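The stops below are given in the order in which to select them.

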Amino acid sequence: MSDTAIKIENLGKRYRYGGAAPLSHNLRADITEWAKGLIRRREPRVQSHESQPSTLRSPPSPASEPSALSPQPSTPPHHPSLHEVHEKHLDESPEYFWALRDINLEIKQGEVVGIIGRNGAGKSTLLKILSRITPPTTGKITYHGRVSSLLEVGTGFHRELTGRENVFLNGSILGMRRAEIARKFDEIVAFAEVEKFLDTPVKFYSSGMYVRLAFAVAAHLEPEILVVDEVLAVGDASFQKKCLGKMGDVAKQGRTILFVSHNMTAIKSLCRSGFLLNQGTIVTSGEISGVIDAYVSSDTFAVCSRYWDSPTESPGPGPFRFKSIVLATDAPHRTDHLTVKTPFRVSIDLWASRPGTVNLSLQMNLLSGEIIFAVASQRIQLVPGEARFVCHFPSDLLNDGAYSLNAMIVEGDAPRYVLREALVFEVHDVARSGSWVGKWPGLVRPQLSWNCAQTTVTTLP
């Protein structure tokens, strides 16, 4: 038996600017495959702890996308000539862009792989393809084992069903029998700490309860391959530690884990290998320390402003969304060369579609993931329209180094949305008096006020 868990060959994913990709080039084939899928779902299945390799080829259509509820054929129909023509046509069209391109990977069974990259690098797109939520445009993926994924809060949950019902629903989607799920049920509930709310519809759950239950289901139903995105950031610190411990236990059982996080400390503690994505391609791969070093030392990372054209395209919870976030300085300072002596400000514009009491919180981080400090604005009562928040950062605050800034929208006392790596920038050192020119110690570098004076004059023995 092969020791490969996932093999990715020439994987690519393209999208159309301003809208969804067109329907498949062969509607009749799509409808036929969809009908065949319905028939296959009604056929009896043979469950096996060790799954046979299943292959996902492209370009599939939404109608013929592989279903986790039914067995997949080992060699689905594939038409290379049509595929090549279709890809060439898209390459020449300015309407499309490639979110992923030419991804080739082979992940061994039992490996814990970290996936690193900045916002928009293609990490979440890759995980959605690997989880069979989104079909690829080009390429081929071969799996050896059952895949369980935790990509977004509440993914795979039905809002009208209770927590208890969703545990069994998720287990069924993973291809497990009811008896298997029941055997793990008490352990899942205890881990998620939602015993009192088991028979409450999950639409009434907080985001923290959502993610605790979703992670517990994904991690405890014994998948051969576990795919985890940045959703752990929703939970509190103790739950994050609990989740990392559980993933460590899963890894010790010889299962494969793909882990995406902006927290380099978590990545380094859990993963032995990894790869760095940038603009949809793999920049480097290998031992995790080397990949993290390449990520942190990148000289093309700066993102000092971000804008969104409309509320429907911008990130944020439903009624409150980001319009822009900009790092600015006063002349003659330049945002592409901040120094430890440069004061700067961060301006954030929001769209509000309904009234609400809102404030913003900013979290300053090292690129390795450590939090330096967090600040929060005062609360203001928003009405439908636009609002601006401005936070001023004084000079002599940050040490020289590279930083990222997270922005959180808070309504009342409830965090609504976190925009991770909203800004990424570098602060440079300046010439200092004295002969010592080494790295100034510490995460911050405040210039504090001192009173210095000679108090007595004496001769020391």
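How many residues does helix α6 have, and how far does it reach from its first C-alpha to its last? Select residues 207–220 in this predicted model. Helix α6 has 14 residues and reaches 20 Å between those two atoms, close to the 20 Å expected at 1.5 Å a residue. Past the helix, pick Glu222, which follows α6 and has a positive phi, near 55°.

Next, select strand β9, residues 273–278. Five of its six residues are buried, so the strand is largely enclosed by the rest of the structure. Buried here means under 20% relative accessible area.

Residues 112–116 form strand β4, which runs parallel to β9 and is joined to it by four bridges.

Strand β10, residues 281–287, runs antiparallel to β9, and six bridges join the two. Here Leu277 has Ile282 in β10 as its bridge partner. Two residues lie between the strands of this hairpin, and Gln279 takes a positive phi near 55°.

Last stop: the cavity. The structure holds one cavity of 30 Å³ or more, and the largest cavity has a volume of about 50 Å³. To display its lining, select Leu338, Thr339, Val340, Thr342, Phe344, Pro394, Ser395, Asp396, Leu397, Leu398 and Val427. Coloured by type, this lining divides into seven nonpolar residues, three polar and one charged.

Technical notes
Residues numbered from 1 in each chain as written. Predicted model: local features only at pLDDT ≥ 70, side-chain atom pairs only at ≥ 80, totals over all residues. Heavy atoms only, no water. Expected span 1.5 Å × (residues − 1). Buried < 20%, exposed > 50% of the residue type's maximum accessible area, 1.4 Å probe, protein only. Pairing = 2+ DSSP bridges. 1 Å grid on protein atoms, 1.4 Å probe; cavity = no way out; pocket = protein on both sides within 12 Å on 5 of 7 lines; lining within 4 Å. Points joined across faces, edges and corners; volume = space filled by probe spheres on them. Nonpolar A, V, L, I, M, F, W, Y, C, P; charged D, E, K, R; others polar.
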